[in-house]
Each structure stands twice: as structure tokens, then as C-alpha cells.
Amino acid sequence: MATTPTRPLVSARTAAVWAVLNRELDRSGRALTVLDVGGGTGGFAVPLAEAGHEVTVVDASPDALAALTRRAADAHVAERVRAVQGDGDALAGLIPPSSADLILCHSVLEVVDDPAGVVASIATALRPGGAVSVLVAGRAAAVLGRAVNGHLATASALLTDADGRAGQRDTLRRRYDVETAAALLRESGLEVEEAHGVRVLVDLVPAAVVESDPQAMLDLELALSARPPFRDIASQLHLFARRPA
Ligand SMILES: C[S@@+](CC[C@H](N)C(=O)[O-])C[C@H]1O[C@@H](n2cnc3c(N)ncnc32)[C@H](O)[C@@H]1O
């Protein structure tokens, strides 16, 4: 089947996350109440609304929310996407407690002031039995990436820094290993069910390789995503956890 070059590239970059999310959506078999914390411009929120789910995006950025609103309108799902400006660690004033079936928190915990506060806030917003999808930057991939590009001092700093940060000028405030991310979720009473690596290979191989056989790339990403040590060197780590029923 003919495909555009960009679509499979995007798919390979997010396939491991969607595989887990789709299992949860199929399992419930009904329209879910979804909350996307730091959902930005709606890369996940809009496809979820297109699939029939009711999605609220809470984000600190008015610009991101404006782009989200436009994107939802373009996709004809504006009635199922609610944009709320707010802070991820103060969901209580915005979202009824124990109300969300599924919460997404993707690429957020590495940039906020208080990641434990955001996770606690998420645990409160989840209904008992509800699930959370957390995507965080991986420390190991960053160490390897700096080292292969010749930045050995930065690689060393990333390896030993308590937060996995390469100094004050690092754009991210922290990075995680599977264990540290899982511990953060467990501190708020969440039960971690799955951990995957996301973008194990797509960030390493030349774009031409990805484009030469996008389906093979996607299949290999999925195969490696659950399998240590490949999982553990992925650019991002995906954890799927549940609030006990
Ligand atoms: C890297 S983007 C990720 C966007 C989206 N989740 C994704 O995966 O494409 C981080 C988002 O988190 C938002 N953000 C940062 N700090 C936040 C906070 N304290 N509360 C809510 N959103 C926040 C930013 O405005 C931005 O939209």
C-alpha cells in the first residue's frame, strides 16, 4: 500500500504508545472520559476525540490550547474536545476528583516544577480502576546520544546527575529510567502495569532508512519496545499504570 513519507515516520515514533492505548480503549468498549495533562496542541487528544472519546486538555499554554482548538475544529470533533488552561499539579480545581477513565501525561513530567505534585493530582482525578499513560524522556538515550556525538563531559554529567540533567542550560529539567519513573507513580498509589521504550531506533537510524521501509521500521520499533535492554535505551519511556479499583 502506498504511503506518504512523513506519516509512517510519525507512526513509528508513537506506535508503541498507541499500541498500549488502543488495548485500553478496546478493553473498555465504550466512550471514555479522557484527560490529557499538558496535552499541548492535541497530537493525542484529537485522534482520541475522533475515535469517539470525550477529551479534556489541561495545559499551561494559551497558545497551545488555541492551536488545539483549531485542530479539533478542523477534524470536526470540537464538541468532544475541551481546552482548559491550568497547571498539572492543581487539577483539583478544574477536574472533578475520581472522574477520569484515562489520563495522558506525555512529555510533561520532565519540564514541570513539581512532578510528584502532578502525579498526585492525576491519581486524584482518576476514577478507581482508571488508567494513566505517562511518557517521559529517558536518561540512557540522552547519555548515549551525547557520547556518540563527542560530548563526553555532557554524557558523563547526565549519567551522574541526580535528575539526569546536563547542567543549567539543559532544556529538560530531568530524565528518567524505568525504575525512577515507576517509583514516582507508585508514590501516589498507582500500580504500574507496563513499561515500554518509545523511539528505540527511529532517532538513531538515518531518516532515509526509516523512509525506505516504514512498515519494517514500525514493526521493529514495536518488537524492541517491550524488550530490555532495547526498551531501556529508548528516547522516551512509556509507563502505563492504574489506580487500584
Ligand atoms: C513537550 S509538550 C508535550 C505536549 C503533548 N503532551 C505531546 O506529547 O505532544 C509539554 C506541554 O506541557 C505543557 N506544560 C508545561 N508545564 C505545565 C504545567 N505545569 N501544567 C500543565 N501543562 C504544562 C506545555 O505548555 C506543553 O504544551
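A: What follows describes the domain interface and then the surroundings of the ligand. The model is predicted, so that local features need pLDDT of at least 70 and side-chain atom pairs count only at pLDDT 80 or more, while totals for chains, interfaces and linings use all residues. Residues are numbered from 1 along each chain as its sequence is written, and side-chain values use heavy atoms, with hydrogens and water left out.

The protein chain is divided into domain 1 (6-138 + 176-242) and domain 2 (139-175), with bounds that come from an automatic or database domain assignment. The C-alpha centres of the two domains lie 23 Å apart. At the interface, 14 residues of domain 1 are in contact with 9 residues of domain 2, contact meaning heavy atoms within 4.5 Å. Domain 1 and domain 2 bury about 960 Å² between them, of which 51% is on carbon and sulfur atoms; buried area is the accessible area (1.4 Å probe) that two parts lose on being put together, summed over both. Of the area that domain 1 buries against domain 2, Glu110, Gly138 and Tyr176 supply 40%, more than any other three residues.

Between domain 1 and domain 2 the count is 2 salt bridges, each defined as a side-chain nitrogen of Lys or Arg within 4 Å of a carboxyl oxygen of Asp or Glu. Arg139 forms a salt bridge with Asp177, where the closest N and O atoms are 3.8 Å apart. By class, the side of domain 1 that touches domain 2 has 8 nonpolar, 2 polar and 4 charged residues, where Ala, Val, Leu, Ile, Met, Phe, Trp, Tyr, Cys and Pro count as nonpolar, Asp, Glu, Lys and Arg as charged, and the others, Gly among them, as polar.

Turning to the ligand, 14 residues surround it, and the closest are Gly38, Asp59, Asp87, Gly88 and His106, a residue being near if one of its heavy atoms lies within 4 Å. A backbone N or O atom of Gly38 lies 2.7 Å from a nitrogen atom of the ligand, and a polar backbone atom of His106 is 2.8 Å from a nitrogen atom of the ligand. Taken alone the ligand exposes 590 Å², and the protein buries 70% of that, with accessible areas from the Shrake-Rupley method with a 1.4 Å probe.

How values were computed. A polar contact is a pair of N or O atoms within 3.5 Å; within protein, one must be able to donate a hydrogen and the other to accept it, and residues adjacent in sequence count only if both atoms are side-chain atoms.
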